[in-house]
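Visitor: I'm new to this one, and I'd like to learn how to read it. Could you walk me through some features?

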Amino acid sequence: MSDELNINKKRKNQIKTKSSAASGRGETDIDYVRPAELPEQDLYHGHSFITKWIFCQDAKVIGVQYTLTAVFTGVVGLILSWMMRMQLGFPDLFPFLTAETYYQMVTMHGMIMVVYLLTALFLGGFGNYLIPLMVGARDMVFPYVNMISFWMFFVAVVVLMASFFVPGGPTGSGWTLYPPQAILEGTPGSGYGILLMLISLSLFVIGFTMGGLNYVITILQARTRGMSLMRMPLTIWGIFTATVLALLAFPALLVSSIMMTLDKVLETSFFMPTIIKAGEALSYDGGSPILFQHLFWFFGHPEVYIVALPAFGIVSDLISVHSRKNIFGYRMMVWAIVGIGALSFFVWAHHMYVSGMSPWFGFFFATTTLIIAVPTALKVYNWILTLWRGNIRINTVMLFCLGFIVTFVNGGITGIFLGNVAVDVPLSDTYFVIAHFHMVMGIAPLMVIFGAIYHWFPLVTGRLMDEKLGKWHFWVTFLGAYSIYFPMHYLGFIGVPRRYFEMYDSPYMTSAVGMNEFISVAAFIVGAAQFIFFYNLVKSLRLGKPAGKNPWKANSLEWLTPDVPPTHGNWGEKLPVVHRWAYDYGVPGAKEDYIPQTTAPSEVKDAEVEKT
Amino acid sequence: MSDLNLDKLPGGFKGMSEDIGSDQTTFKGVNWGKAMMWIFLLSDTFVFSCFLVAYMKVRASVVEPWPYPSEVFALEMMGVPVPLLLIAIMTFVLITSSGTMALAVKYGYEKNRKMCGWFVLLTAIGGLTFVGMQAFEWSKLIFHDGVRPWANPFGAEQFGAFFFMITGFHGTHVSIGVIFLFIFARKVFRGDFDTGRRGYFTTMKSDYVAIEILGLYWHFVDLVWVFIFAFFYLW
């Protein structure tokens with residue numbers, strides 16, 4: 001022990017002597033940053049159209065590829081939701097909407113939105129684009145594997161979309177794919193549809209694992225000089241923790257997919273109990289459907305946070321930049337992200353209160369579920385305290401951030417209802433649940449995605465997006481989304497069950513009919529409003545105002561590249577050196593209201609910065 | 001690793017906290033590929049854990065009797081059924097191949113091209129033997145005993161399903177490892193790791209650390225086998 005201490009002392013002395021030699025003064029050099037540990041990264045530079053834009057190894061291009069593919073699937077999911085709302089609001093108006101197609105749409109809408117849009121967009125899209133830039137790396141650590149990761153995802157999407165065109169259509173078993181009904185005859189798409197779904201999910205997991213390893217190692221092992229973990233922007237913390245969750249949760253999805261594929265193809269009985277059909281026993285015997293639910297939700301609950309944590313991280317950065325204030329309680333925010341990530345592995349059975357498991361088991365999961373609300377609430381307070389007395393810019397980005405906070409709090413509070421077993425049992429499988437999870441993991445993360453796109457579009461393209469259209473987009477989306485999901489809470493209270501194709505002449509109908517029509521109309525309008533956004537994207541790409549360098553006056557590294565938009569290799573000749581965290585906004589004594597991460601302390605001597 | 005002297009870094013808990021608090025790398029001196037393999041193996045551990053937990057759950061809950069492994073996995077030797085004979089040999093071969101892999105890593109770091117190559121090749125042959133014996137075991141169960149994934153003559157039908165799925169998944173891991181071992185043996189003999197020749201697909205420079213990374217994977221596959229062996233054959 002004493003030896004170690006001596007070595008430490010020696011080391012500190014070395015640093016002192018080294019730095020004082022460098023500065024030429026007798027005192028410690030305040031700009032000292034440890035020397036580089038790693039050699040320059042070896043990169044493959046694309047030289048043809050195919051290696052530059054299609055099979056490209058540049059994380060930025062891969063990020064854009066991920067984003068475009070994910071948005072494409074998102075549009076498919078949006079159209080499916082329109083058709084569902086048509087049926088629910090105006091039953092029997094459209095003869096092509098049968099009960100079978102309705103269930104198929106519910107299933108595909110759910111799976112597309114959760115996995116192929118949100119997960120792929122946050123981790124594959126924003127992760128790929130922002131991680132190397134924000135930590136100051138030239139690229140991901142394994143660019144080749146990263147490229148394969150995207151193409152794996154692409155194939156997964158193709159397989160998923162192919163299921164629309166196979167005999168029997170896509171699977172209609174609900175996005176949770178519960179056996180035994182998912183693979184039994186009578187469920188729509190129980191032939192090829194479910195098979196393609198399972199194959200697509202397996203491919204997605206394999207592809208994601210390749211990307212996820214890249215994200216984790218880039219963040220852990222390829223940061224630039226001076227970039228310690230506690231100086232990383234919260235975006236990176238969110239994406240990092242979410243990726244770790246994904247690497248540990250997706251195995252459960254892979255395993256359940258493999259087992260169900262075998263149940264389907266080889267008629268094994270992992271999940272299939274003894275089933276009597278029309279008086280005759282099927283070949284299945286003795287399997288456990290509840291086992292699937294456990295495996296699925298062991299993936300499924302962390303999946304919620306795989307979507308939410310990057311959103312938390314990104315929104316923290318956006319709020320800080322656009323209110324010109326440092327993020328309130330940075331360390332608390334980091335530990336909240338990590339804590340939520342860890343807790344998310346111990347709450348999965350709160351999705352299974354009505355599965356018939358032991359009430360004591362439910363009690364345990366209710367407790368953990370309510371505990372996870374604590375770090376989440378901390379984050380909400382910190383966002384609000386970041387805004388408090390900030391120099392807030394009410395632009396599109398900020399509007400979406402505020403929209404996020406409101407919808408997230410709303411969805412979070414209904415989550416506390418549903419987390420309690422006694423309250424959940426009557427509300428389970430009603431529209432209350434639909435309202436809850438669409439608020440908390442549908443609208444809230446989407447708000448962040450839109451905010452993030454308006455924020456980083458100038459970085460990717462060099463042009464600003466149209467503010468006027470952006471504000472229209474925000475207000476229609478925000479108010480419209482509230483008109484859709486807020487009434488659904490009421491529908492849930494009066495007991496309207498989810499996943500029902502039609503209410504027929506049930507007694508609920510008297511008060512639910514008008515409301516369903518209203519919700520449907522709101523859904524059509526909100527969906528249509530998204531095309532304002534797409535128009536804005538395309539228009540701004542060609543005609544937007546040139547953004548120049550760092551249009552938002554942000555501190556984090558991605559805005560400090562020598563070229564805007566950044567080119568392959570990101571940093572030109574020399575990697576940046578980081579001297580501070582990413583949140584030095586409005587520092588007393590500084591000349592400007594922001595101090596970029598690369599600014600050395602000696603350049604801003606009078607600024608009263610926090611020590612990071 | 002230009003300016004990093006690993007010997008000078010403090011050790012123990014203080015060293016750990018200093019590494020986590022530092023810039024650039026969290027695991028000092030750990031190659032990117034090696035760190036990636038560790039995290040991948042962590043993820044893969046979850047895959048195998050899910051398989052094994054599912055197996056335990058179903059085995060605990062099925063109503064039909066579970067087949068008795070020492071009878072099912074017995075081989076007739078001179079008229080006497082010897083329980084677990086084949087499995088014992090398979091396990092022995094696989095564990096031995098872990099030893100040869102460790103030697104290959106050692107010779108790799110000594111830049112002893114020939115010895116390293118031979119030991120990688122030996123490991124590959126060990127793995128191939130294991131896969132071969134597994135194929136024999138499968139064919140005996142399928143063609144001789146009539147075990148199928150959906151039914152078997154001994155009892156609970158999940159026996160066959162879990163057996164073929166889990167050993168099949170493990171066997172796939174071994175087979176992938178064997179393929180890479182053969183490729184790497186060729187690369188070692190050709191001198192790729194001495195000259196830093198660039199990879200055909202990745203265009204990255206070859207380095208002997210790759211042998212260690214492959215070794216990590218190989219040891220992991222062996223370790224998983226120990227668990228499968230314990231849970232499937234001994235329980």
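Guide: Let's begin with a pair of helices in chain A: the axes of helix H7 (residues 234-265) and helix H9 (residues 330-343) come within 10 Å and cross at roughly 15 degrees. Before we go on, this is a predicted model, where local features need pLDDT of at least 70 and side-chain atom pairs count only at pLDDT 80 or more, while totals for chains, interfaces and linings use all residues. Residues are numbered from 1 along each chain as its sequence is written, and chains are lettered from A and ligands numbered from 1 in the order in which they are written.

Visitor: What goes into describing two packed helices?

Guide: In general, you give the angle between their axes and the distance between the axes. Axes here are lines fitted to C-alpha atoms, for helices over the stretch in contact, and angles run from 0 to 180 degrees between N-to-C directions. Helices (H or I, at least four residues) and strands (E, at least two) are DSSP runs, numbered from the N terminus.

Visitor: How is H7(A) oriented relative to H9(A), parallel or antiparallel?

Guide: Angles under 35 degrees count as roughly parallel, over 145 as roughly antiparallel, 65 to 115 as roughly perpendicular and the rest as oblique. With axes crossing at roughly 15 degrees, H7(A) is therefore roughly parallel to H9(A). The crossing is right-handed; the rule is that a crossing is left-handed if the near helix is turned anticlockwise from the far one by less than a right angle, and right-handed if clockwise.

Visitor: Which residues make the contact between H7(A) and H9(A)?

Guide: Two residues are in contact if their C-beta atoms, placed from the backbone, lie within 7 Å. From H7(A) the contact includes A:Leu234, A:Trp237 and A:Thr241, and from H9(A) it includes A:Met333, A:Ile337 and A:Gly341. By class, the contact has eight nonpolar, three polar and no charged residues. Ala, Val, Leu, Ile, Met, Phe, Trp, Tyr, Cys and Pro count as nonpolar, Asp, Glu, Lys and Arg as charged, and the others, Gly among them, as polar.

Visitor: And at what angle do H13(A) and H14(A) pack?

Guide: Helix H13 (residues 431-461) and helix H14 (residues 467-493) of chain A pack at about 170 degrees, with their axes 8 Å apart. They are therefore roughly antiparallel to each other. Among the residues that meet are A:Tyr431, A:His438 and A:Tyr454 in H13(A), and A:Gly470, A:Tyr485 and A:Phe493 in H14(A). This contact divides into 13 nonpolar, four polar and no charged residues.

Visitor: Let's zoom out. How compact is chain A?

Guide: One guide is the radius of gyration, taken over C-alpha atoms; the globule rule is 2.2 Å times the number of residues to the power 0.38. Chain A has a radius of gyration of 26 Å, close to the 25 Å that the rule gives for 612 residues, so it is as compact as a globular protein of that length. Its C-alpha trace spans about 95 × 55 × 55 Å along the principal axes. Chain A has 15 helices and two strands.

Visitor: What does chain B look like?

Guide: Chain B has eight helices and two strands, in the order α-α-α-β-β-α-α-α-α-α from the N terminus on. Its C-alpha atoms fill a box of roughly 65 × 40 × 30 Å along the principal axes.

Visitor: How many residues does each chain bring to the contact?

Guide: Chain A and chain B bring 47 residues each. On the chain B side, helix H1 (12-21), helix H2 (32-61) and helix H6 (158-190) each supply at least two residues, and H2(B) gives the largest share, 14 residues. The chain B side divides into 26 nonpolar, 13 polar and eight charged residues.

Visitor: Where are the cis peptide bonds?

Guide: One cis bond runs from A:Pro179 to A:Pro180, with omega near 0 degrees, and A:Pro180 lies in the loop between helix H5 (143-162) and helix H6 (192-221) of chain A. Another joins A:Val564 and A:Pro565, with omega about -10 degrees.
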